[in-house]
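Hi,

Here is the structure I said I would pass on. Have a look at it first, and then read on for my notes.

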Amino acid sequence: MKISKVGIVGAGQMGNGIAHVFALAGYDVLLNDISAEGLEKAIATIDKNLARQVSKEKISQSDMDATMARITTTLSLEDLGQCDLVIEAATEREDVKNAIFEQLQPHLKPTTILTSNTSSISITRLASRTDRPEKFMGFHFMNPVPVMKLVELIRGIATDDETYQAMLQVVESLGKISASAEDFPGFIVNRILVPMINEAVYTLYEGVGSVTSIDQSLKLGANQPMGPLELADFIGLDTCLAIMNVLYDGLADTKYRPCPLLTKYVEAGWLGRKTKRGFYDYSGETPVPTR
């Protein structure tokens, strides 16, 4: 199963990172978004991140130029019809993802592999809404995509072995490492990571510690590179809440109940770095704790 042209739906933080690594690995990339402004921002971000790699001598200037030349953009999902692999990297909402797949299906080649970068939603359920459940997989990259080595591969109940083997080869071609996860809520990484973040929010909510003391304690006491609240802001508090809701609904265990403070921050629109306010205020030169 030869894969040379890759379509990516969603040009946000994850989508532009995925486009970056595929184009750098030699694939032709077609990046789609609902917003022309979003596409312009994504291309600027990719250009900046590639320039950083050049400055650190991880790639050459010619590598950067060739990578940028392999990326084209479109506002139309129909244009992704001739791609060999399509990766959905839209917001972590099942209704949005299903709507994208419904619009895509009539235009795809019969051989096109369809994947989702979902961090928690059932692959089997998403696949069942498409015309190709046997060629559908979870393809979960870690953030930031150009830096993180892991890709979770999640087979739905109907995913065939040819599709799985093709995705294994793609991950290897990107210079990344795959981990196969069963199709349970949160898969591996977020099943462990996000409840830890949620517990840190509970610790803040109950007054056990301040934002600074909680993050310092985990960085200095558990050797974590980022504190859990800092990491939550980096991921996006809306994404953390969405994952906790999937875990809570899918596993029916009260230990996965989202912290009310996390819900309150999301309702306030305090989503972390992307809105310049979450558990830290990012409006100045240095992040300042908000509690």
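This is a predicted model: local features need pLDDT of at least 70, side-chain atom pairs count only at pLDDT 80 or more; totals for chains, interfaces and linings use all residues.

Where is Thr130 placed? Thr130 sits in the loop between α5 (123-128) and β6; helices here are DSSP runs of H or I with at least four residues, strands are E runs of at least two, and both are numbered from the N terminus.

Residues are numbered from 1 along each chain as its sequence is written, and side-chain values use heavy atoms, with hydrogens and water left out.

Thr130 is buried, at 10% relative accessible area (buried is under 20%, exposed over 50%, partly exposed in between, using a 1.4 Å probe and protein chains only). A polar atom of the Thr130 side chain is 2.8 Å from the backbone oxygen of Ala127, and the side chain also reaches the backbone nitrogen of Arg132 at 3.2 Å. Setting aside neighbours within four places in sequence, Thr130 is in contact (heavy atoms within 4.5 Å) with Phe101, Gln105, Leu114 and Phe136.

Now the strands. Four of the five residues of β1 (residues 5-9) are buried, so this strand is largely enclosed by the rest of the structure. β1 pairs in the parallel sense with β2 (residues 28-32) over five bridges; two strands pair if DSSP finds at least two bridges between them. Val6 has Val29 in β2 as its bridge partner. From β1 the chain crosses through helix α1 (residues 13-24) to β2, a right-handed β-α-β crossover (with the strands pointing away from the viewer, the path from the first strand over the helix to the second runs clockwise). β1 also runs parallel to β4 (residues 85-88), joined by four bridges, and Ile8 stands opposite Ile87 there.

Further along, β6 (residues 136-141) and β7 (residues 150-155) run antiparallel with five bridges, and His140 is partnered by Glu152 in β7. β7 then pairs in the parallel sense with β8 (residues 177-181), again over five bridges, with Val151 opposite Ser178. The chain gets from β7 to β8 through helix α6 (residues 161-173), and this β-α-β crossover is right-handed.

A few backbone spots to look at. Most residues other than glycine have a negative phi, and most peptide bonds are trans. The peptide bond from Asn143 to Pro144 is cis, with omega near 0 degrees, and Pro144 is in the loop between β6 and β7. Asn223 has a positive phi, near 60 degrees; it lies in the loop between α8 (211-221) and α9 (228-235) and counts as exposed at 70% relative accessibility. Ala252 has a positive phi of about 50 degrees, and it is found in the loop between α10 (237-251) and α11 (260-267). Ala252 is exposed too, at 67%.

Cys259 is buried at 0%, and Cys83 counts as buried at 0% relative accessibility.

Cheers

Terms used
A polar contact is a pair of N or O atoms within 3.5 Å; within protein, one must be able to donate a hydrogen and the other to accept it, and residues adjacent in sequence count only if both atoms are side-chain atoms.
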